[in-house]
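Student: I have a model open and want to learn how to read it. Can we go through it feature by feature?

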Number of protein chains: 2
Amino acid sequence: MASPEIEALTSALARLPGFGPRSARRAVLHLLKRRESSLGPLRAALTAVEERLATCGTCGNVDTTDPCAICSDPRRDPRSLCVVEDVSDLWALERGRLFPGRFHVLGGRLSALEGVRPEDLAINSLIARVAGGQVDEVVLAMNATLEGQTTAHYLAERLEKHRVRLTQLAHGLPVGGELDYLDEGTLAQALRARRPVA
Amino acid sequence: MASPEIEALTSALARLPGFGPRSARRAVLHLLKRRESSLGPLRAALTAVEERLATCGTCGNVDTTDPCAICSDPRRDPRSLCVVEDVSDLWALERGRLFPGRFHVLGGRLSALEGVRPEDLAINSLIARVAGGQVDEVVLAMNATLEGQTTAHYLAERLEKHRVRLTQLAHGLPVGGELDYLDEGTLAQALRARRPVA
Ligand SMILES: [Zn+2]
Ligand SMILES: [Zn+2]
């Protein structure tokens, strides 16, 4: 029915996470009916981001500047470094403005299955940042998966000879979590990490 | 956290139907990580559509050509005209390729409440198309709402002096149902069982 241009736009939107063919078609219609207020601004925003997109040479975040907004923000404590597997993890922590320091993105996690080795991740650059002596604390914020934890243990070994405080995210019950609905692994972690009642 | 450009892109996406702030952020991250395969193509598709976007002077559809792809398709029967309230209804029918003729988009429905009068809709152009003598059948495919049906009755009165077969979508549409939200099966049934306007 629609022209090749409109079909191409529908396909491009349908490939975004959270969109399928049907919702993409609805979004396209929305855009077509709002050329000035919706289609134009979205096109302009995409163009601006595409033109300036950069991977931060310091931390691995994606942004429109290098160094990124976080690395160049003087209010962010450069002595505290949070190491994450992926940019999406950095963004998840930033959504809640949870961490006042800076980040280091590994670009994945060690995986024997997928053949991901230490040299495939941004580990040497992490060591270099820490060895530079500007860092007091490194938070290992890996995912609570087998591969995430393997990666955290590997990093802990690599970093132990440096004079930094190494911490990791607490494992346990999620906020609002009901015991009856949690998997055994989470329960086991929570029990193992039990602490005195204040 | 993110740069103004990335925030602007997130806001623009968050205003699309089916998206909220959180899913927009996820989509932006997806785009940033796939500059060549995802961000570029989406920006190019939006640009192409924006540059060529046109409202069809014949039927009122939005497309990248005028006349639109439907009006200029020689395989579509020009003697059979399906009148819809809105472009979204046309698209809903086209999703299932349900109607082999052509369309006429009114651009709304009569509404005393919202002050929408006949002269606010593309009714004169509909009468002109029918009076041209090229049309055998007019299908009134209004929504099964009070206002949709009022509009259909009004159009039936205006068209009865012309030599066309007037039909309407079979009732069996759920009360209050809007075409754009119905599944294709229901739409196909309703179209197949269309009957003469009394
Ligand atoms: Zn950075
Ligand atoms: Zn047309």
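Student: Where in chain A does UniProt place the feature "domain: Toprim"?

Tutor: Bear in mind that this is a predicted model. The UniProt record, an unreviewed entry, puts the Toprim domain at residues 79–174 of chain A. That span is 32% helix and 20% strand. Its end C-alpha atoms are 28 Å apart.

Student: Into which domains is chain A divided?

Tutor: Domain 1 covers 4–52, and domain 2 covers 62–196. Their centres, taken over C-alpha atoms, are separated by 34 Å.

Student: How much area do chain A and chain B bury between them?

Tutor: The general idea comes first. Interface size is often quoted as the accessible area lost when the parts come together. Here, chain A and chain B bury about 5300 Å². Carbon and sulfur atoms account for 69% of that area. In residues, 49 from chain A contact 54 from chain B.

Student: How many salt bridges cross the interface of chain A and chain B?

Tutor: The rule finds six. One of the salt bridges joins Lys33(A) to Asp86(B), with N to O at 2.6 Å.

Student: Which elements of chain A give two or more residues to the side that touches chain B?

Tutor: They are α1 (4–14), α2 (21–33), α3 (35–52), β2 (62–63) and α4 (87–95). The largest share, 14 residues, comes from α3(A). By class, this side of chain A has 26 nonpolar, seven polar and 16 charged residues.

Methods. Residues numbered from 1 in each chain as written. Chains lettered and ligands numbered in written order. Predicted model: local features only at pLDDT ≥ 70, side-chain atom pairs only at ≥ 80, totals over all residues. Heavy atoms only, no water. UniProt positions renumbered as here; feature names shortened; annotations may be inferred. Helix = DSSP H or I, 4+ residues; strand = E, 2+ residues; numbered from the N terminus. Domains from an automatic or database assignment. Contact = heavy atoms within 4.5 Å. Buried area = accessible area lost by both parts, 1.4 Å probe. Salt bridge = Lys/Arg side-chain N within 4 Å of Asp/Glu carboxyl O. Nonpolar A, V, L, I, M, F, W, Y, C, P; charged D, E, K, R; others polar.
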